[in-house]
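Open the model in your viewer and keep the selection tool at hand. The stops below say what to select next and what is there.

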Amino acid sequence: MVNIIWVSLTVIGLVFAMCNGTLQDVNEAVFKGAKEAVTISFGLMSVLVFWLGLMKIAEQSGLLDIFSRMCRPFISKLFPDIPPDHPAMGYILSNLMANFFGLGNAATPLGIKAMEQMKKLNGNRSEASRSMITFFGC
């Protein structure tokens, strides 16, 4: 349904531009928008790749496990459904710390990884678990 709406809006816009004689302006705007979209995508991808790589290093070095053990009493009360030694705990803590330090773009990939781990714990069901809802609210 959404595809039909977008195609309809595009066709209506093109027909309107042809009737008004502004098709050249629409063409320039399309190419300018495409260029900006590619620039933004590469910028976001670089941040995502950097933080996911950094988190992989932290996971393999055991830093996430150490950090999880330090904060386990508080976090286990918020997320009782997650076992204390599960990788989701490390990602949740890392996400919370990134948000705490104001690193919004850095927190996003960590949050995605935490949700992926919690989905595995949830049996890959399409319904959100209690822990997933709690994490989404944090």
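Is Glu-116 buried, partly exposed or exposed? Glu-116 is partly exposed, because its relative accessible area is 39%; buried means under 20%, exposed over 50% and partly exposed in between, with a 1.4 Å probe and protein chains only.

Before the next stop, some ground rules. This is a predicted model, in which local features need pLDDT of at least 70 and side-chain atom pairs count only at pLDDT 80 or more, while totals for chains, interfaces and linings use all residues. Residues are numbered from 1 along each chain as its sequence is written, and side-chain values use heavy atoms, with hydrogens and water left out.

**Stop 1: a pair in α5**

Lys-113 counts as partly exposed because its relative accessibility is 26%. Side chains of opposite charge can pair when their charged atoms come close. Here Glu-116 forms a salt bridge with Lys-113, and their closest N and O atoms are 3.7 Å apart. A salt bridge is a side-chain nitrogen of Lys or Arg within 4 Å of a carboxyl oxygen of Asp or Glu. By this rule the count comes to 1 salt bridge. Both Glu-116 and Lys-113 lie in helix α5, 3 residues apart, or about one turn of the helix. An α-helix has 3.6 residues a turn, so residues three or four places apart point the same way.

**Stop 2: the whole of α5**

Select residues 104-121, which are the 18 residues of helix α5. Helices (H or I, at least four residues) are DSSP runs, numbered from the N terminus. From first C-alpha to last, α5 reaches 26 Å, close to the 26 Å expected at 1.5 Å a residue; the expected span is 1.5 Å times one less than the number of residues. Its buried residues are Ala-106, Ala-107, Pro-109, Leu-110, Gly-111, Ala-114, Gln-117 and Met-118. What covers them includes α2 (23-61), α4 (87-100) and α6 (130-137). α5 is followed by Gly-123, whose phi is positive, near 75°.

**Stop 3: the core**

Select Phe-79, Ile-82, Ile-92, Ala-114, Met-118 and Phe-135. Of the 17 residues in the largest nonpolar core, these touch the most other members. α2, α4, α5 and α6 each supply at least two residues of this core, and the largest share, 6 residues, comes from α4. A nonpolar core is a set of buried Ala, Val, Leu, Ile, Met, Phe, Trp, Tyr and Cys residues joined through side-chain atoms within 4.5 Å.

**Stop 4: two residues of α6**

Select Ser-131, which is in helix α6. Ser-131 counts as buried because its relative accessibility is 1%. Leaving aside neighbours within four places in sequence, Ser-131 is in contact (heavy atoms within 4.5 Å) with Phe-79, Asp-81, Ile-82 and Met-118.

Now select Thr-134, also in helix α6. At 23% relative accessibility, Thr-134 counts as partly exposed. With neighbours within four places in sequence left aside, its contacts are Leu-78 and Phe-79. The C-alpha atoms of Thr-134 and Phe-79 are separated by 7.5 Å, although the two are 55 residues apart along the chain.

**Stop 5**

Select α2, which has 39 residues and reaches 57 Å from its first C-alpha to its last. Just after α2, Gly-62 takes a positive phi of about 90°.
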